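Below is a short briefing on one protein chain.

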Amino acid sequence: MTMKPIHIVGGGLAGSEAAWQAAEAGVPVVLHEMRPVRGTEAHKTEGLAELVCSNSFRSDDAENNAVGLLHAEMRLANSLIMASGDANQVPAGGALAVDRDGFSDAVTARIEAHPLIEIVREEVSGLPPADWDLAIVATGPLTAPSLAGAIAKETGADALAFFDAIAPIVHFDTIDMNVCWFQSRYDKVGPGGTGKDYINCPMDKAQYEAFVQALVDGQKTEFKEWEGTPYFDGCLPIEVMSERGPETLRHGPMKPMGLTNAHNPSVKAYAVVQLRQDNALGTLYNMVGFQTKLKHGEQVRIFRTIPGLENAEFARLGGLHRNTYINSPTLLDGSLQLKSRPGLRFAGQITGCEGYVESAAIGLLAGRFAAAERLGRPVPLPPATTAFGALLNHITGGHIVSDDEPGKRSFQPMNVNFGLFPPLEPGAPLKPDGFEGRFRGKDKAAAKRRAVTARALADCRSWLGLPAQKSKAAVAAE
């Protein structure tokens, strides 16, 4: 008898990863993607897993950074998104950034070539029909209004929305490198990088203050129908940050720490604008942290006041789009299944996770959970000590309802971070093999992070059924 497929709605990072994981488990998949039949205000192509905001997967440091740890766990789980990202990386210091077109092309090619995956280009305007007994909705932050309405009707709760802003992209050959210089903060070398992976534009105090004032005064795009919608703090428009105080940007995306002006080493910049390589050719650079809702003409005028960008030409200007997510802790069970309708799961940013990698990770879990259910196998949840488990627990229950504001929803989008992990057991070893000294201050905090990540990777291997990784001492003994 032919096995019934799992239907997945949405071909973004989460949907593509979910399809891959289910198919690799031996379960047929029908992946429904509405582009190009219906476009969105942010997507430009019909490719699967198109990156519409940054091209960065953020830190790739699995020992000291929670998202780097999530990278490592996804690689252990045979992630299509991570494999495609690794194959299309561009220099970005300690981060993993990708050529966005090459990345999307790679994901699309592997999905199209998989014998158990069928891609159907159509809009699914309502909830999956009942005869799709196992389905995953992974429509992302740009869920079509008709589907969002159907979700709200099924759950009895309105989806929440927030603004997600897009940073501009600049043509490299229009940047004045007699003013700017290449350097990663603290010369940090990342995957495929050299320690000189960012273009840095320096500002003195007067230039910075004038720039901040221009941002505050600049004309912004208005979305009256969405007024009152909260921004996600990890993707705030720069003008919103500027309105929070004149020093906010200088302690955020424009912080000058760890940078030395190659043209004038003795003068410390008061603030620095960084640009990161956006494509493999190195012809395009995006303005790091410069998401904006400024009108396009204002962007060109204001951004050309940045030293080194006086003659900048923009391949893409910043923009703003709506981001929708559901109240997952109330609506979903621990395996991402809608409580009111068994067999229907949600994945990706629509669940209230934030970030490319987190979105893909939740897609990975949803695909595995659905495949296990189709195969009649237990659906073991990842341990809470892993990055997978920590993120899943946040989505399905990691929030506190405010007692002083009854009825107010406290669940908000979240990037993976060490605050989501359970603490180490009392007396857990912090020192690496052969270390005899004592940790204090920052060294102790770093040691705790390394212990958390070591525990996570060991528990993730066990959950995936992989052999334990040998210690350095065991390897040396061999």
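pLDDT is the predictor's confidence in each residue, on a scale from 0 to 100. The chain has an average pLDDT of 86, and 85% of the residues score at least 70. This is a predicted model, in which local features need pLDDT of at least 70 and side-chain atom pairs count only at pLDDT 80 or more, while totals for chains, interfaces and linings use all residues. Residues are numbered from 1 along each chain as its sequence is written, and side-chain values use heavy atoms, with hydrogens and water left out.

- Where pLDDT is low, the predicted coordinates should not be read in detail.

**Sheet** (helices, H or I of at least four residues, and strands, E of at least two, are DSSP runs numbered from the N terminus)
- Five strands form an open sheet in the order S6-S2-S1-S7-S16, with parallel pairing; two strands pair if DSSP finds at least two bridges between them.
- Strands S6 (117-121) and S16 (344-346) are at the edges with a single partner strand each, so one side of each lacks a neighbour in the sheet.
- From one strand to the next, the twist averages 20°.
- Four bridges join S1 (residues 6-9) to S2 (residues 29-33) in the parallel sense, and His 7 has Val 30 as its bridge partner in S2.
- Helix H1 (residues 13-24) lies across S1, S2, S6 and S7 (135-137), at about 170° to S2; axes are lines fitted to C-alpha atoms, for helices over the stretch in contact, and angles run from 0 to 180 degrees between N-to-C directions.

**Leu 134**
- Leu 134 sits in the loop between S6 and S7.
- Its relative accessible area is 3%, so Leu 134 is buried (under 20%; exposed is over 50%, partly exposed in between, with a 1.4 Å probe and protein chains only).
- Ala 370 is 236 residues away from Leu 134 in sequence, but their C-alpha atoms are 6.8 Å apart.
- Contacts of Leu 134 beyond four places in sequence include Pro 5, His 7, Arg 345 and Glu 373.

**Nonpolar cores** (buried Ala, Val, Leu, Ile, Met, Phe, Trp, Tyr and Cys residues joined through side-chain atoms within 4.5 Å)
- The largest core has 79 residues, of which Phe 57 and Phe 388 touch the most other members.
- Helix H10 (residues 356-374) supplies the largest share of this core, 11 residues.
- Apart from it lies another core of 31 residues, including Cys 201 and Phe 211.

Conventions
Contact = heavy atoms within 4.5 Å.
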